[in-house]
Amino acid sequence: MIVVGGEALIDLVPVALPPGALLPRPGGGPYNTALALGRLGAEVAFCSRVSSDGFGESLLAGLRAAGVDLSLVQRGPEPTTLAVPSLAPDGSASYGFYVEGTADRLFTLPPALPEGVRALALGTCSLVLEPGASAYEALLRRESRRGVLTLLDPNIRPALIPDPAAYRARFLERLLPHTSVLKLSEEDAAWLGGRVEDWLAAGPSAVVLTRGAAGLTVRTREGGEYSAAARPVAVVDTIGAGDTVNAALLHRLTAAPSGPVDWPEVLAHAAHAAALTCTRAGAEPPYAAEL
């Protein structure tokens, strides 16, 4: 089983008609990753705290429909977090957030995860918003110590980070030592300001960099470097594309037999899945049959 921990929220996505209208869509990096894994056919559980309001119910319904295990989900009466993406002409998105007093940031550390868990993925708002961020950090440390493969996607949202220096220090000193695979975008890497060599030295065995239309690249601790080209598609928007990459990486990494990772194949799989997500409005990752 793969466990994905982090926020589930509602993206208020701009639509063409009527002018200025916003369409509520399920979202949140970890939510999208869990949804994508379920659609790819992986055995996956979502670990979060979700509101009992109408938005929270719809979020869980989406995961349930994708076959995601919800037994690790905590519930609360607080409202669901809202995100308002602004789309650039190329389909890329920036975000504003409504997070005060919302349910997901009150996540608490769960009991030990089931013995059959092979991987844990964390990322985005859940790494920033306290007190939940400290609980997710404790979950990462605990599961890493017992040999679970861990994937970290910082998915930087600058509007949510009041102290960039403190976040960068936490990332390097407290998160990376417990991370097996670091996946981040070029924009994330630029904001963090570090070097791949430094990140690999801090703990991860591989760093996967997403580069938009230029595809994906991985660097490994052993010195290997591999790339995959992006699939040419008509982009509607890029919402959820990076989260789909997370899912596709984990789908392949946990399914492969022990031994060297076939990184060119893993990256090609991730590029294909992410490209299909970009052809749809909002975070709508593909199903296995579409690949």
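This is a predicted model: local features need pLDDT of at least 70, side-chain atom pairs count only at pLDDT 80 or more; totals for chains, interfaces and linings use all residues.
Let's begin with the strands. Eight of them make an open sheet with mixed pairing, and the order across it is β4-β1-β9-β10-β11-β12-β13-β14. The edges belong to β4 and β14 (225–228); each has a single partner strand, so one side of each is left without a neighbour in the sheet. Going from one strand to the next, the twist averages 15 degrees.

Now look at the pairing of β10 with β11. These strands run parallel, with two bridges joining β10 to β11 (residues 181–185). Here L152 sits opposite L182 of β11.

## Helix α3 on the sheet

Helix α3 covers residues 132–145, which makes 14 residues. From first C-alpha to last it reaches 20 Å, close to the 20 Å expected at 1.5 Å a residue. The helix lies across β1, β4, β9 and β10, and it runs at about 155 degrees to β9.

Which residues of α3 are buried? They are G132, A133, A135, Y136, E137, L139, L140, R142 and E143. Just after α3, G147 takes a positive phi of about 90 degrees.

Y136 is worth a look on screen. This tyrosine is found in helix α3 and is buried, with a relative accessible area of 1%. What is Y136 in contact with, leaving aside its neighbours within four places in sequence? The partners are G5, G6, E7, C47, S48, R49, F107, L122 and S126. As for L172, it is 36 residues from Y136 in sequence, and the two C-alpha atoms are 16 Å apart in space.

H178 also touches this part of the model. You'll find H178 in the loop between α4 and β11, where it is buried at a relative accessible area of 16%. Setting aside neighbours within four places in sequence, H178 is in contact with L140, R141, S144 and T150.

In soluble globular proteins, nonpolar side chains tend to be buried together. In this model the largest nonpolar core has 46 residues, and F46, L63, L249 and W263 have the most contacts inside it. Helix α8 (residues 263–278) gives the most to this core, namely eight residues. A second, separate core has 44 residues, including L72, L127, L139 and L176.

W263 makes a handy landmark for the largest core. Apart from neighbours within four places in sequence, W263 is in contact with A206, V208, V218, T220, Y226, L249 and L253.

## Cysteines

How many disulfides does a search of the whole structure find? The number is zero. For C125, the nearest cysteine sulfur is that of C47, 16 Å away. C125 is buried, with a relative accessible area of 3%.

C278 is in no disulfide either, and the nearest cysteine sulfur, that of C125, is 19 Å away. C278 is buried too, at a relative accessible area of 11%.

Most residues other than glycine have a negative phi, and most peptide bonds are trans. T124 is buried, with a relative accessible area of 5%.

N155 is another one to check. Its place is in the loop between β10 and α4, and the phi of N155 is near 40 degrees, a positive value in a residue other than glycine. N155 is buried, with a relative accessible area of 11%.

Conventions:
Residues are numbered from 1 along each chain as its sequence is written. Side-chain values use heavy atoms; hydrogens and water are left out. Helices (H or I, at least four residues) and strands (E, at least two) are DSSP runs, numbered from the N terminus. The expected span of a helix is 1.5 Å times one less than its number of residues. Buried means under 20% relative accessible area, exposed over 50%, partly exposed in between (1.4 Å probe, protein chains only). Two strands pair if DSSP finds at least two bridges between them. Axes are lines fitted to C-alpha atoms, for helices over the stretch in contact, and angles run from 0 to 180 degrees between N-to-C directions. Contact means heavy atoms within 4.5 Å. A nonpolar core is a set of buried Ala, Val, Leu, Ile, Met, Phe, Trp, Tyr and Cys residues joined through side-chain atoms within 4.5 Å. A disulfide is a pair of cysteine sulfur atoms within 2.5 Å.
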